[in-house]
Amino acid sequence: MERGPTIDASRPAPQSSTWALAIHGGAGAVPKDLPEYELAQTRNALHAALVAGAEILTAGGGSLDAVQAAVRILENCGVLNAGRGAVLNHEGFAELDACLMDGNGRRVGAVAGLRHVANPIDLARRVMDHGKHVMLAGPGAEQFATEHGVTLMPASYFITARRRKQLDAAIVAAGTVGAVALDAHGNLAAATSTGGLTNKHYGRVGDSPIVGAGTFAENGLCAISATGDGEFFIRHTVASEVSARVRYQGKDVQTAAREVIEHLKAVGGAGGLIAVDAIGRVAMPYTSAVMPRGQVSAGQPPIVLGV
């Protein structure tokens, strides 16, 4: 029989004024030739994503809507590894993955191997809300998109000059975007979207759309979005491991997240994650060179770090 969340009764229950949002723009290294205007674009996109999510949460909206709105902005910015501007695979086109998880009932929508959907996070939401499946991939996912009114984009829409240059030079660039949130009703949610690895094999799927690896949310525990060496995050079920330490060991989310990321480093994986718990505490540990990230909460202004 599955155990429910272990909740410390001494902790205050989330109040109507309590909410928090954290986002990330991927773990990795900043290319030495990255122009300042692209760094500024990244900072601006992270700030805009925080503002968009905060507006929803301030108005009493749900965490699921907030993380979806934040990730959509990051997919559209053109400089992060998700949506337009995502990295290219060995064949020279973008393959996109995304996952959205609702901590209220563990509802999930995930998509993988998309080539023509501008906002994978929105399609993941449609899978969650309108489909009977948890994950759809490749042409089947795009057929589902057209059935639900999503306009497919040409492959050229996703390709930017910088990503083409990285592919031509066989530069391995990781990175992902994600958001986690607690809303004023006590609901947690997580969203992650990615283009994966530069020069990856056609059909490769990383940790982002996999529940318990790159994305996880459960009310009363925490919400997590991960970024980094996807194969390691899958093998070590990173998101699930963080939540298990909170659930079964009674650890606070900052300690649990830090321990798991340190373990990942010890076994050869690099990356980071963002997490928020049931009372709005945020964790953002990473072991990569950088991890653009940000957070905002009730009564506090948006803060962007790492870029």
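How many cavities of 30 Å³ or more does a search of the whole structure find? The search finds 2. A cavity here is a set of points, on a 1 Å grid over the protein atoms alone, where a 1.4 Å probe fits but cannot get out. The volume is the space filled by probe spheres set on the points, which are joined across faces, edges and corners.

Before I continue, a word on the basis: this is a predicted model, with local features requiring pLDDT of at least 70 and side-chain atom pairs pLDDT 80 or more, while totals for chains, interfaces and linings use all residues. Residues are numbered from 1 along each chain as its sequence is written, and side-chain values use heavy atoms, leaving out hydrogens and water.

The largest cavity has a volume of about 80 Å³. Its lining comprises 13 residues (those with an atom within 4 Å of a point), and Thr-176, Thr-194, Gly-196, Arg-204 and Asp-207 lie nearest the centre. By class, the lining has 2 nonpolar, 8 polar and 3 charged residues; Gly counts as polar in this scheme, and Asp, Glu, Lys and Arg count as charged.

I turn now to the helices, which are DSSP runs of H or I with at least four residues, numbered from the N terminus. Axes are lines fitted to C-alpha atoms over the stretch in contact, and angles run from 0 to 180 degrees between N-to-C directions.

Helices α2 and α3 pack with their axes 8 Å apart, at an angle of about 150 degrees. That makes α2 roughly antiparallel to α3, a label for angles over 145 degrees. The residues of this contact (heavy atoms within 4.5 Å) divide into 5 nonpolar, 1 polar and 5 charged.

The criterion is a side-chain nitrogen of Lys or Arg within 4 Å of a carboxyl oxygen of Asp or Glu. Arg-72 lies in α2 (residues 63-76) and Asp-122 in α3, so the pair ties together parts 50 residues apart in sequence. The whole structure has 15 salt bridges.

Finally, the axes of α3 (residues 120-130) and α4 (residues 138-147) come within 11 Å and cross at roughly 80 degrees.

Key. 1 Å grid on protein atoms, 1.4 Å probe; cavity = no way out; pocket = protein on both sides within 12 Å on 5 of 7 lines; lining within 4 Å. Helix = DSSP H or I, 4+ residues; strand = E, 2+ residues; numbered from the N terminus. Parallel < 35°, antiparallel > 145°, perpendicular 65-115°, else oblique.
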